[in-house]
Amino acid sequence: MDSSAEKHQITSDDDIKATGSRYSGSEDNTGSIEEQTKDGQPVYKLKRSLKTRHLTMIALGGVIGQGLFLSAGANLHNGGPAGALIAYAIIGFIVFWVAYSLGEMATYIPVSGSFTIYCKRFVDDSFGAMVGYNYWGCWAIIVAAELVALPLVMQFWTDKVPDWAWSLIYLVIIFLLNMFGARSYGETEYWFSLIKVLAVIIFIIVGACISGGLIGDEVYGFKYWENGNAFPHGVLGVIDSFVLASFSMQGTEIIGITAGECSNPLKQVPRAIKTVFWRIIVFYLGSVFIMGQVIPWNDPHNLNTESGDTTVSPFTLVFSKGSLASVAHIMNVVILITVLSCANSGLYVASRTMLALSEEGIAWKKLGYISKRGVPIWSLTCTALVSLVCFVTSVIPGKALYQVLVSLSGVAGFVTWGSICLAHFRFRQAFKAQGRDLDILPFKAPWHPFGDIFDIIGCIVCALISGYSFFSPASAVGLIGNYAGLIFCGVGFCITKWWSKSKMVPLMEIDLDTGVSELVTNKELRDQMLQERVIEGTWYQKIWKRVVIVFT
């Protein structure tokens with residue numbers, strides 16, 4: 001049996017009322033749960049302090065960061081308005097299936113750092129270790145990338161302050177926010193995400209008015225799509241856009257990471273997952289479409305290592321094109337908040353992943369220590385130290401370092417997503433082989449196994465071809481960013497496989513019981529929770545209730 005999964009087994013307050021059960025130990029005034037070890041010392045656990053509104057808003061806008069607000073300019077330069085739109089649509093399709101596959105497993109076995117444990121339990125120990133370290137590295141790099149991006153955002157106002165100084169200031173801020181625990185993270189991200197969601201909606205509405213000539217002195221329409229400008233670099237431009245599109249959509253899997261700190265995973269996780277579709281359609285495709293109408297692909301302010309001009313967010317550029325210079329400053333403030341928000345999420349996710357690795361016995365045991373506030377302090381500190389790579393901007397130009405970091409993270413995302421779908425594919429196979437009824441699953445991924453197979457193949461292909469154009473002419477920035485991560489993953493998996501002598505877990509031996517939530521095993525409670533999820537009433541009442549669910 002998996003001891004770490006047992007340690008993380010979720011028992012929400014609703015469970016306690018229905019079953020009369022609770023963790024052994026006492027609950028102190030900070031809300032963390034403690035047990036007594038053999039030597040009488042208290043051991044603290046992660047707190048179940050994330051509520052429905054936190055998880056829903058985090059899923060909806062928590063990971064919308066500079067991947068969209070800044071890197072979208074690079075994709076516009078690479079793929080053109082139509083090419084960038086296609087790239088985001090393809091990656092969005094992959095992300096959609098990942099969310100549902102992970103959601104099915106996370107509601108059945110809700111553990112913090114979930115899919116690392118799923119890959120280890122449903123596929124192979126070595127595979128799980130590789131995926132875990134890949135994911136931790138992915139988010140540690142994202143934090144560093146956000147900190148590198150912060151000075152680029154600040155350059156809109158001033159270039160007098162050294163880049164490393166801005167990075168250090170904001171690193172301290174997000175570290176302190178994470179030291180207060182999951183509730184602090186959830187509350188901060190709720191308001192950050194709300195600002196971002198409203199900003200994107202306003203951007204799309206105002207951008208459409210600017211494109212149509214209702215605001216400003218010019219009608220744009222599809223003028224930048226004409227004369228071959230829709231695909232300035234052809235198919236290669238679309239391929240080059242995959243990695244940055246992947247980077248901008250990183251974070252869908254946060255739903256699974258936070259499952260161990262939800263008060264009611266059965267109710268909260270499915271609701272959060274269902275926002276993914278709207279996030280892809282409205283926020284990503286809608287925003288990129290507006291950018292492509294108002295900004296030419298060769299605008300010198302788009303993120304591009306070959307350009308000597310100051311990088312400006314496409315969101316800010318659109319408002320400037322509409323003669324709304326004062327609003328452009330406000331939008332740059334919003335962009336600053338989004339970068340901080342994404343860095344905050346990255347530090348949270350990476351620390352929980354390292355915690356899971358420690359408790360699975362594949363990382364240093366000290367990293368598994370949890371404070372009285374429910375914070376994995378040493379995992380958090382270890383992740384923050386990786387972010388110090390942002391200070392290399394004093395040696396390597398900020399744009400080049402930023403593009404290497406986001407490319408590394410984007411490719412790591414393909415590895416993560418493909419691995420989640422492989423784990424889910426094996427999870428379903430084990431259910432079938434062991435003769436279990438799929439009706440006990442509280443949440444089901446639709447159209448299985450199509451989604452898993454499509455994503456596994458799609459992630460492999462995208463990861464391998466994304467850096468194709470950097471071979472000729474050779475580009476060190478492009479090749480390192482697109483392929484260094486894959487090499488590390490391959491070497492790491494081989495070394496772990498050789499060291500542990502592990503083998504793929506036979507379907508009949510896959511553990512489908514350890515860590516299963518009481519919300520699943522208790523039929524009466526499960527039926528009650530499922531009934532609560534049903535939204536009834538007239539069509540306008542249903543719409544209103546869905547809006548309330550998202551924002552409350």
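V153 is found in helix α7, which spans residues 125-154; helices (H or I, at least four residues) and strands (E, at least two) are DSSP runs, numbered from the N terminus. This is a predicted model, in which local features need pLDDT of at least 70 and side-chain atom pairs count only at pLDDT 80 or more, while totals for chains, interfaces and linings use all residues. Residues are numbered from 1 along each chain as its sequence is written, and side-chain values use heavy atoms, with hydrogens and water left out.

**The chain as a whole**

- The secondary structure of the protein chain comes to 22 helices and 3 strands.
- Of its 552 residues, 60% count as buried; buried means under 20% relative accessible area, exposed over 50%, and partly exposed in between (1.4 Å probe, protein chains only).
- Among the contacts in the protein chain with a separation of 6 or more, 80% come from residues 24 or more positions apart, where contact means heavy atoms within 4.5 Å.
- The protein chain exposes about 21,400 Å², and carbon and sulfur atoms supply 66% of that area; accessible areas come from the Shrake-Rupley method with a 1.4 Å probe, and for residues only the protein chains shown count as cover.

**Around V153**

- V153 is buried, with a relative accessible area of 4%.
- Leaving aside neighbours within four places in sequence, V153 is in contact with N332, I335, L336 and V339.
- V153 and L70 are 83 residues apart in sequence, and their C-alpha atoms are 8.6 Å apart in space.

- Side chains of opposite charge can pair when their charged atoms come close.
- A search of the whole structure finds 5 salt bridges, each a side-chain nitrogen of Lys or Arg within 4 Å of a carboxyl oxygen of Asp or Glu.
- One of them joins E104 and R428, with the closest N and O atoms 2.7 Å apart. E104 lies in helix α5 (residues 72-108) and R428 in helix α17, so this pair ties together parts that are 324 residues apart in sequence. Both E104 and R428 are buried.
- Another salt bridge links R436 and D513, whose closest N and O atoms are 3.0 Å apart. Here R436 lies in the loop between α17 and α18 and D513 in the loop between α19 and α20, so the pair ties together parts that are 77 residues apart in sequence. R436 is partly exposed at 27% relative accessible area, and D513 is partly exposed at 44%.
- K223 and E218 also meet through their side chains in a salt bridge (2.5 Å, N to O). K223 is partly exposed, with a relative accessible area of 32%, and E218 is partly exposed at 33%.
- R426, in helix α17 (residues 398-433), is buried yet has no salt bridge, and the nearest side chain of opposite charge, D124, is 8.4 Å away. For charge, Lys and Arg count as positive and Asp and Glu as negative; His and the chain ends are not counted.
- Not counting residues up to four places away in sequence, R426 touches F122, V123, M504, V505, P506, L507 and I510.

**Cysteines**

- The count comes to 0 disulfides, a disulfide being a pair of cysteine sulfur atoms within 2.5 Å.
- C138 is in no disulfide, and the nearest cysteine sulfur, that of C489, is 9.7 Å away. C138 is buried, with a relative accessible area of 1%.
- C421 is in no disulfide either; the nearest cysteine sulfur belongs to C459 and is 6.4 Å away. C421 is buried, with a relative accessible area of 0%.

**Backbone and surface**

- Most residues other than glycine have a negative phi, and most peptide bonds are trans.
- W447 has a positive phi of about 55 degrees although it is not a glycine. W447 lies in the loop between α17 and α18 and counts as exposed at 64% relative accessibility.
- P449 is found in the loop between α17 and α18, and a cis peptide bond joins H448 and P449, with omega about 5 degrees.
- K501 has a positive phi near 55 degrees; it sits in the loop between α19 (476-500) and α20 (518-521).
- F93, W447, F450 and F454 make a nonpolar surface patch of about 440 Å². Patches are made of residues with over 30% relative accessible area and no salt bridge: like charges are joined within 9 Å, nonpolar side chains (Val, Leu, Ile, Met, Phe, Trp, Tyr) within 5 Å.
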